[in-house]
Amino acid sequence: MATIHVNHSASSGVFEAGQAENPADEIAVPITLRINDKEHSLRIDPRTTLLDCIREAVELTGTKKGCDHGQCGACTVHVNGRRVLSCLSLALLHDDEDITTVEGLGTPEAMHPMQAAFLACDAYQCGYCTSGQIMSAVALLSEPCGSDDVAVKELMSGNICRCGAYANIVAAIQQVRKRA
Amino acid sequence: MHIFEFTRPADSAAAINAAAQSKTAQQGADVRFLCGGTTLIDLMKLNVETPTRVLDINRLPLDKIEDTPDGGLKIGATVRNSDLANEEKVQRNYSVLSQAILSGASGQIRNMATTAGNLLQRTRCVYFRDTAMPCNKREPGAGCSAITGSNRTMAILGTSDHCIATNPSDMCVAMAALEAVIHVQGPKGTRAIPIGDFHLLPGDTPPRETVLEPGDLITHVTLPPPIIGSRQVYLKLRDRASYEFALASAAVVMSVVGENISYIRIALGGVGTKPWRSPEAESTLTGKPANAANFRQAAEAALRNAKPQSENKFKIELAKRCLAHALQTAANA
């Protein structure tokens, strides 16, 4: 009996219900992505977003799917050192580019200063938006940004926190900036 | 999302040849150029856009900002919005453009979105984005759900009985005030289109939003030489302080000699079906003293033909105050 894949997410690269077994093989295309300095050679449905590729194909699940429409920032990763929304980009666009996810920033034993600051400042509650917040905050360190909290809030406005940890997120970012 | 063939054309000519196969360059195109993806990928996920071929133009050499021989600026089609807004020459000579871009979207989206993509940014009309609802922009003749539905954020200028969708761009409003020119390369050669002629009113053909034809590739935008000494302001009013589309916005480029306005360019955002240049407001101010009474008169002129919907009458007064305040801010600068 053929396996029926149900398309839970329009962009997941999983085929619609009712298709033949492994139909995606027919349209899958090869790509090599460099994520956290490691090469991953994959075959993916062309429709696969960078977000779904990172989470489902490469199995790095630190990057989160919130709205999947570019409105919440939970999926923020770095491409060539710049923060982008992985849900609004196709994985196929990013061969020969340097992709960094939260897993590439630090480890529990050797955290990135921004990760340590988020911990020290209690800059999260449920934690779902946190990797996106941290990826955005790390990129912000090398962007034009005024010194005050208002400037940080403006440049962090693309990262929504449903728990409302904003005050401590700003404090964590300012702590890192002041030490830099 | 519908399945598509993904290719990366080697050069502009190959991209143009491939795109020329499309039946239309407008809503529902079967071939699409893909760059930042912030509009197109979103609409493809919603099945509002269903191209069968997607052409990745990210790596075409269209990503430079250069001086033009006449002292203006040439902005490549794939220059990212954040790079354009933070470019030193833009901040110094065309600051209204920098202000407008930085008032829109988020840091992540500005890192992705491009000059050409922003020119082609699609409306945020909730009915356009929902294929379960009738929409004349997606399906001509289906009807406009917004006219009888939720229309608080819809347009009040340039609307028709068929479509009242607002153009959401901030960048385009500043470019309208700066009299930008859009350069297109197509199957029949190149052409230069003043931004005022680039976007179309919905009329009875809402799917047709620009003058682009199949195969037309926006290569760059030029800005004329800067108006030396001009004061430039972009003021954007919205429901929250950041990361939100405009309810009303105003771009102003103003020069004052003595007490009188010698040069004035005005465009409005958030209220029009296209980026809304206002020659009516400009003509009330040219040669007149820069004062509050004249600014209010200009604002009245700009909104004289406004046609509100059931939920957005407030936008008329909001847009007037927005423009008057932007003009006063420029005068005080």
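This briefing describes the fold of chain A and a strand arrangement in chain B.

The model is predicted: local features need pLDDT of at least 70, side-chain atom pairs count only at pLDDT 80 or more, and totals for chains, interfaces and linings use all residues. Residues are numbered from 1 along each chain as its sequence is written, while chains are lettered from A and ligands numbered from 1 in the order in which they are written.

**Chain A overall**
- Chain A contains 6 helices and 5 strands, where helices (H or I, at least four residues) and strands (E, at least two) are DSSP runs numbered from the N terminus.
- Along the sequence, these elements of chain A form the pattern α-β-β-α-β-β-β-α-α-α-α.

**Helix packing in chain A**
- Two packed helices are described by the angle between their axes and the distance between the axes.
- Helix H3 (residues 113–120) and helix H4 (residues 130–140) of chain A pack at about 125°, with axes 10 Å apart; axes are lines fitted to C-alpha atoms, for helices over the stretch in contact, and angles run from 0 to 180 degrees between N-to-C directions.
- H3(A) and H4(A) are therefore oblique to each other, since angles under 35 degrees count as roughly parallel, over 145 as roughly antiparallel, 65 to 115 as roughly perpendicular and the rest as oblique.

**The sheet in chain B**
- In chain B, an open sheet of 5 strands has the order E4-E5-E8-E6-E7, with antiparallel pairing; two strands pair if DSSP finds at least two bridges between them.
- Its edge strands, E4 (65–67) and E7 (189–194) of chain B, each pair on one side only.
- Strand E6 (residues 181–186) of chain B pairs with E7(B) in the antiparallel sense over 6 bridges.
- B:Val184 stands opposite B:Arg191 in E7(B).
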